[in-house]
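Subject: Structure for you to look through

Hello,

I am passing on the structure we talked about, together with some notes on what turned up in it. Please keep the sequence and the 3D view open while you read.

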Amino acid sequence: MFTPVWHSIFVAIVSTIIAFFAMLPLSYYFAGRKSKIQLPVETIILLPLVLPPTVVGLILLSLFGKNNPFGGFIWNQFHFSFIFSLAGAIVATVIIILPIMYQGLKAAFLSIDHELVWAAETLSANRSQIFRKVILPNCWQPILAGILLSFCRAMGEFGATLMVAGYIEGKTDTIASSIYFMVQQGNVKIAVYLGLFNLLIGVIALLIIHVLTVRQSNLMRGM
């Protein structure tokens, strides 16, 4: 019963880290200026919000399948396939949580008081110094809230990961897929235990997000 738990935690952590570092520069860039490429880039990033997860999984399945050019190239060169593997589950989960991570980070950067940035610029601080010493210290709470929300979504991902990674007991089983197949097999007791564990993680994360949001609101009112 614990294997799906560890698989889910592993996939969620790795996916959240990848999504964070992928969206950090983009969200920072688009929060600070207008660009002609912003609309098409944001449209691509946010598409998983309006597409069913199974459609996202189908696209990835078509892309990484051994009979397709890209998936076939990876298999021929490295003898590795994302299909029916935790790596595939990670890729699918990253795509699903990208919109949440992007929106959370962008909102955090937009919450910064621009007078602080202007003051740092008048003191000859470069963009790297402004980001590290002004922006991050003043918006780490909403950034952490976005990370936690993305992690919770990653923990509960089912449709896309099932399409790409499938359900192989002891290899690609996660909490969400295990609950589904446990119910199908009539093993409702284990399904309930797994569901309660996932629920506990979600409640803890949401409580932390609530505390961070309240603190950030109080800080903004104090300014």
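The structure holds 2 salt bridges, a salt bridge being a side-chain nitrogen of Lys or Arg within 4 Å of a carboxyl oxygen of Asp or Glu. Before the details, please note that this is a predicted model, in which local features need pLDDT of at least 70 and side-chain atom pairs count only at pLDDT 80 or more, while totals for chains, interfaces and linings use all residues. Residues are numbered from 1 along each chain as its sequence is written, and side-chain values use heavy atoms, with hydrogens and water left out.

How confident is the predictor? The protein chain averages a pLDDT of 89, and 96% of the residues score at least 70, pLDDT being the predictor's confidence in each residue, from 0 to 100. Among the elements of the chain, helix 6 (residues 114-122) has the lowest mean pLDDT, 80, and helix 5 (residues 86-110) the highest, 94. Where pLDDT is low, the predicted coordinates should not be read in detail.

The unreviewed UniProt entry places the feature "transmembrane region" at residues 6-31, 43-65, 77-102, 143-168 and 190-214; these positions are given in the numbering used here, feature names are shortened, and annotations may be inferred rather than shown by experiment. In the model, residues 6-31 are 100% helix and 0% strand, with end C-alpha atoms 36 Å apart, while residues 43-65 are 87% helix and 0% strand, with end C-alpha atoms 25 Å apart.

Which cysteines pair up? A search of the whole structure finds 0 disulfides, a disulfide being a pair of cysteine sulfur atoms within 2.5 Å. The sulfur of Cys-152 is 20 Å from the closest cysteine sulfur, in Cys-139, and is therefore too far away for a bond. Cys-139 is buried, with a relative accessible area of 0%, and Cys-152 also counts as buried, at 19%.

His-79 has a phi near 55 degrees, a positive value in a residue other than glycine, and His-79 counts as exposed at 61% relative accessibility. Phe-84 has a positive phi too, near 60 degrees, and is partly exposed at 47% relative accessibility.

Finally, Val-134, which lies in helix 7 (residues 127-155), is buried at 13% relative accessibility. The C-alpha atoms of Val-134 and Asp-113 are separated by 9.9 Å, although these residues are 21 residues apart along the chain.

Best wishes

Methods: Buried means under 20% relative accessible area, exposed over 50%, partly exposed in between (1.4 Å probe, protein chains only). Helices (H or I, at least four residues) and strands (E, at least two) are DSSP runs, numbered from the N terminus.
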